[in-house]
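Subject: Structure handover

Hello,

Here is the structure we discussed, with the sequence alongside. My notes on what turned up follow below it.

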Amino acid sequence: MDRESKESIAARLTHAFYANAERRPGYLGPERRSAEDLAEGLPDHRQGTVTPGEVYKTFKRFLAMLENEK
């Protein structure tokens, strides 16, 4: 299999990997925590969105898996 085909497959695997991931709310927007929650030290379950670096790293891992396959 040539490099272009492997890159195409890795891109599709990456898309499938993130397509079913639950969308994470961003940090911007109105504050939804109350002052009492902050005072009690309750966990903040908000997480940032997926970064391009994370997606690229996942793509490279899929590509490496395809290149090592014999």
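Read from one end of the sequence to the other, the chain follows the pattern α-α-α. That makes three helices and zero strands. Please keep in mind that this is a predicted model.

Some overall values. The chain has 70 residues, of which 16% count as buried. Its accessible surface comes to about 6100 Å², with 54% of that belonging to carbon and sulfur atoms. Among contacts between residues at least 6 apart in sequence, 67% join residues at least 24 apart.

Aromatic rings. A search of the whole structure finds three aromatic pairs. In one of them, the ring centres of Phe 17 and Phe 62 are 6.3 Å apart and the planes stand at 75 degrees, so the pair counts as edge-to-face. Phe 17 belongs to helix α1 and Phe 62 to helix α3 (residues 52-68), so this pair ties together parts that lie 45 residues apart in sequence. Ring pairs also bring in Tyr 18, giving a cluster of Phe 17, Tyr 18 and Phe 62. Phe 62 has a relative accessible area of 17% and is therefore buried, the cut-off being under 20%.

Surface. Met 1, Ile 9 and Leu 13 form a nonpolar patch there, with about 280 Å² of accessible area together. Of these residues, Ile 9 lies in helix α1 (residues 3-19). Ile 9 counts as partly exposed because its relative accessibility is 32%, which falls between the limits of 20% and 50%.

Regards

Notes. Residues are numbered from 1 along each chain as its sequence is written. This is a predicted model: local features need pLDDT of at least 70, side-chain atom pairs count only at pLDDT 80 or more; totals for chains, interfaces and linings use all residues. Side-chain values use heavy atoms; hydrogens and water are left out. Patches are made of residues with over 30% relative accessible area and no salt bridge: like charges are joined within 9 Å, nonpolar side chains (Val, Leu, Ile, Met, Phe, Trp, Tyr) within 5 Å. Accessible areas come from the Shrake-Rupley method with a 1.4 Å probe; for residues, only the protein chains shown count as cover. A salt bridge is a side-chain nitrogen of Lys or Arg within 4 Å of a carboxyl oxygen of Asp or Glu. Helices (H or I, at least four residues) and strands (E, at least two) are DSSP runs, numbered from the N terminus. Buried means under 20% relative accessible area, exposed over 50%, partly exposed in between (1.4 Å probe, protein chains only). Contact means heavy atoms within 4.5 Å. Rings of Phe, Tyr and Trp (its six-membered ring) pair if their centres lie within 6.5 Å; planes under 30 degrees apart count as stacked, over 60 as edge-to-face and the rest as tilted.
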